[in-house]
Amino acid sequence: MRTATATAAAVTTTLLGAGAAAVAAGRYAADAALRPEPGRPLPGGARLSVHSTAAGRIALTRTLASLRPGTYGLAAPGVHAVVGPVLTEAEHDPDTVVRRLLAVTHGSLDPGTRVRLTPQVHLGNPRTALGLDHADVDVPGELGALPAWFVPAARDTWVIAVHGLGSSREHPMVVMPFLHRQRMPVLDLAYRGDLGAPASPDGLGHLGESEWRDVDAAIRYALRYGARRVVLHGWSTGATMALYAAERSALADRISGVVLDSPVLDWHATLRRLAAARHTPALVLPLAVRAAEGLAGLRNDRRPPGADPGALRVPVLIFHGPDDTLAPWEPSRRLAAARPDLVHLHTVREADHGAMWNADPQGYEESLRRFLTPLM
């Protein structure tokens, strides 16, 4: 009897320990999503070493990431640069890849510097980074003033830009020159948890479940100051927020279209990938994800965005691809297949999360132009 009791006690202790470990792992694994820090890299991104630089060229560690096509930021503490395509004809060592070095915007790229490729190409604000006149404005939100950049233009259909995980309102500047050429005003929003914006009441992010109300506030601001209609353009969780706004906002009839870049449409899968990227043991991974969902308030009775394709009332353009390591693209494919009358999926290959424009800027902007033309 004593042996059985001791065994039962040991098993109970083990289970309790595993449960506590899972909760702790859930808090840690979901930290990037639930405690956002503007500009903090998402987990799982490969770190590369700078091997050398020359006029217009940079040699980096050879990895799948450094071989991706397109244009990217190159970031390290105190350093930011912009790199272009791989120079396949350039001489290089077997363990390096040579890319076009377009600009060094901050710091210096000394040999040995450890850097990451990032979708954020520009630093600063629209004026300093792009030469575009803009106004710093405050959007009245339910938690307080939300900082935003407003880039004026002639049309009365505004684009409201909403960044996502691991980035800031500097990220949407990649499409600002294109939108400015289309004469579309842009309101680039910072939302709860961002630098200069109010914190969420519990200090946590909620993968768009509560943050969408800041997008709703931006819609109200745009309509108050001259917009007749708006197009919502979101990245990652910003795309999730845009889709929630289209589904839930009392002003949904003033939304003429929605652009979703790398949308997080399956928060369970995204939290699982975040947890795995933070080396959460496979044994506790499901419990860790459940703990993270509990922290974020993402209960089973909460419907993920796009769960009811029949609820869509406006055209939707999705940029997504099979190489997204954080937000699986299968939900995007299903949404497009369910509503071919309203949803168009522009597939971008060899593009990581939030980097659909980076992988193919020209193709991205042409698809965006065709989508926006009848909505302007």
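Partly exposed means a relative accessible area between the buried limit of 20% and the exposed limit of 50%. The legends below describe a predicted model.

View 1. An α-helix has 3.6 residues a turn, so residues three or four places apart point the same way.

View 2. Arginine 181 and glutamate 365 form a salt bridge, with the closest N and O atoms 3.3 Å apart. The pair links distant parts of the chain: arginine 181 belongs to helix α4 (residues 176–181), glutamate 365 to helix α11 (residues 361–372), and 184 residues separate them. Arginine 181 has a relative accessible area of 55% and is therefore exposed. Glutamate 365 has 16% and is therefore buried.

**View 3. Arginine 192 meets helix α5.** The side chains of arginine 192 and aspartate 214 form a salt bridge, 2.9 Å from N to O. Arginine 192 sits in the loop between β10 (186–189) and α5, while aspartate 214 sits in helix α5, so the bridge ties together parts 22 residues apart in sequence. Both arginine 192 and aspartate 214 are buried. Through shared partners, salt bridges join Glu142, Arg192, Arg213 and Asp214 into one network. The whole structure holds 12 salt bridges.

View 4. Helix α5 covers residues 212–224, and its 13 residues should span 18 Å at 1.5 Å a residue; the end C-alpha atoms are 19 Å apart, which agrees. The helix is mostly covered, with 10 of 13 residues buried. Among them are Trp212, Val215, Ile219, Tyr221 and Leu223. Just after α5, glycine 226 takes a positive phi of about 120°.

**View 5. Strand β12 and its partners.** Strand β12 (residues 255–261) is mostly covered: 7 of its 7 residues are buried. Strand β11 (residues 229–235) pairs with β12 in the parallel sense over 6 bridges. Valine 230 stands opposite isoleucine 255 in β12. From β11 the chain crosses through helix α6 (residues 237–248) to β12, in a right-handed β-α-β crossover. Strand β13 (residues 316–320) also pairs with β12 in the parallel sense, over 4 bridges. Here aspartate 261 has phenylalanine 319 of β13 as its bridge partner.

How values were computed: Residues numbered from 1 in each chain as written. Predicted model: local features only at pLDDT ≥ 70, side-chain atom pairs only at ≥ 80, totals over all residues. Heavy atoms only, no water. Helix = DSSP H or I, 4+ residues; strand = E, 2+ residues; numbered from the N terminus. Expected span 1.5 Å × (residues − 1). Buried < 20%, exposed > 50% of the residue type's maximum accessible area, 1.4 Å probe, protein only. Pairing = 2+ DSSP bridges. Right-handed = clockwise from strand over helix to strand, strands pointing away. Salt bridge = Lys/Arg side-chain N within 4 Å of Asp/Glu carboxyl O.
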